[in-house]
Amino acid sequence: MVKTDLRRLTKKRVLIEDVFKKNLKKVEIIGWASKTRGLGKIRFLLLRDISGMIQVTAVRSKVKGDIFEMMDKISSESVVFVKGEIKTLKQAPGGKEVIPDEIVEIAHADELPIDVSDHSKTELPKRLDYRFLDLHRKKIQSIFKIQSEIAHSFREYFYNKNFMEVQLPSIISSSSEGGTELFPVNYFEKKAYLAQSPQLYKQMLACAVENVFTITPVWRAEKHNTIRHLNESRQMDIEMAFAGQMEVMKELELAVQYIVKNVLEKCKVELDLLKIKLKVPKAKYMSYDETVKLLKVKYGEDLTPENEKKLDEKFPDTIVFVHSWPASLKPFYIMPKQGKADAKLSEGFDAIYKGMEISSGGQRIHLPDLLIERLKNKKLNPKNFKSYIDSFRFGAPPHSGWSIGLERLTQLITNQTNIREAVLFPRDRTRLTP
Ligand code: ATP
Ligand code: MG
C-alpha cells in the first residue's frame, strides 16, 4: 500500500468501541474481517479491531459500485477499511451496523491454517505453530491483556513502595544456584550460560540500595515436559535489605492481592470472555511442620503437585504460605534458623495459590563463613562460588526476597490447564519457533 493511501485510510479512523459509545453517524473503521456470510441479496461482514466488533451490512440494490461483489471476495482475517453510515438495528451484535459507502482491502489473508473462531477446534500445538494468527482470537488476546495487567500491577506496587527497578545480566559465567541445568552459550573464548535466576545479582543490589525489583527472563534447561514448566520464562522478583522471611511473605501477599484487585477492576471484559470467576485472595501462613501434618506427607519430603492441589481444596481463594522449610529441601543460600549451619529448619518458604506453587523465597545467608559451611553441607565446592561469597565481605546486611513466575501466575489467574497458553511464544523441550 502506498503511503498517501495509508494516511487517507487511517486519518479519520475511529475505534469500533467508540462507534457504540459515542453515538457516531458516519464512520471510518479498520479491522479484521472475522466472518462473512451471504444470503441472496444481502451480505454481512463482521469487522473486529482491538476494541470491539461491528456488523457491516450491504443490500445489493442499495450499495454503491462493486461493494456488494467485494464483500463476497473478502476472506476471513483480511484487513479491511470500511467507510459508512451507522444504523441502529436490534438484531445486529451490539444493536448497530454499518452500511458501507466504501470498502478497501488493506491486507489480504490466505486460506487459514487454523480455526480462529471463538471455540477453535484446532489443538494447542498446531495453534502454537501459528501463534501470530491464534492471537487474532479475542480469547487469546484476553489472556495477554490480563498478563499485561499482572506485570504492570507488580511493577506499580513496588514502584509505589519506593523499590528500585533494576536490570540484571542474562548471560552468566557459572551456575548461580547449583542444581538447575543451564543452557551453555559461546562467549568469545569462554563458556557462559543463560541465567536461570536473577537472584545472586538482586542480592548484591539489595546489599547496596536496599529494596529492588525486576521482571526478567530466565532459562532452565531441564528436559521436563509438564503443564507448569517452560524452558524460558519470566520472573517477577524482589529483594529487600533488613527483612526476614515473614516480612517478604507479607509483601508477596499484598502484591498478589493488589495484582488480582487490578485485574478484577481493569480486565472485566476479558474475565467475562474467559468465564473466569476471580476473588482477591486471602492469606494463610503455615509452617512446613504444620503442612506435612495436615496433608499427611512424610516429613522431609517436598510437596507434590497433588499436595499443592489439596491445599487449594482446603483453603480456596487463598495464598497458602508454607514457611520454615527443612534446610535440606531448600538451596544452600537460604538462611538456616538462628543462623546455625546445622539447624534442621530454614527461613525459606513457598507460596501456593490455586493449587500450584507461584513463588519461592526466603532469607538469604549474608555471612561468608556460614555460606561456606552450607555449601559444604550440600556437597558443593565453595571454590566454585568464590566471587558470590566474596560479594558479602564488604558490608552486606541481612536480606530476603522471592520470585513469582509471570507465566505461572497468568496461567492460574486465567484458569488455563497448560502454562503454554500463558506465554506468547513458548520455548519448551521441542519448540523453538515461532
Ligand atoms: P516448581 O517446584 O514448580 O518446579 P521451582 O521451585 O523449581 O518450581 P523456583 O526456582 O522456586 O521454581 O522459581 C520461582 C517461581 O518461578 C516458581 O514458583 C514458579 O512460579 C516459576 N517457575 C519456576 N520454574 C519454572 C518453569 N520451568 N517454567 C515456568 N515457571 C517457572
Ligand atoms: Mg520453588
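## The second largest pocket

In this predicted model, the second largest pocket has a volume of about 550 Å³, a pocket being an open set of points on a 1 Å grid over the protein atoms alone, where a 1.4 Å probe fits, with protein on both sides within 12 Å along at least five of seven lines. The volume is the space filled by probe spheres set on the points, which are joined across faces, edges and corners. Its lining comprises 25 residues, among which Ser-34, Arg-48, Met-53, Asp-118 and Lys-138 lie nearest the centre, lining residues being those with an atom within 4 Å of a point. Two or more lining residues come from each of helix H2 (16-21), strands E1 (26-39), E2 (42-49) and E3 (52-59), and helix H6 (138-160); helices are DSSP runs (H or I) of at least four residues and strands (E) of at least two, numbered from the N terminus.

Because domain 1 (6-107) and domain 2 (132-422) both give residues to this lining, the pocket lies between them; the domain bounds come from an automatic or database assignment.

Strand E15 (residues 356-363) is largely enclosed by the rest of the structure, because six of its eight residues are buried, meaning under 20% relative accessible area with a 1.4 Å probe, protein chains only.

Strand E14 (residues 348-353) pairs with E15 in the antiparallel sense over six bridges, where pairing requires at least two DSSP bridges, and Tyr-353 stands opposite Met-356. The two strands form a hairpin with two residues between them, and Lys-354 in the turn has a positive phi of about 50 degrees. E15 also pairs with strand E16 (residues 399-405), in the antiparallel sense over five bridges, with Ser-360 opposite Ser-403.

## Basis of the values

Residues are numbered from 1 along each chain as its sequence is written, and local features need pLDDT of at least 70. Side-chain values use heavy atoms, with hydrogens and water left out.

Key
Chains lettered and ligands numbered in written order. Predicted model: local features only at pLDDT ≥ 70, side-chain atom pairs only at ≥ 80, totals over all residues. Buried < 20%, exposed > 50% of the residue type's maximum accessible area, 1.4 Å probe, protein only.
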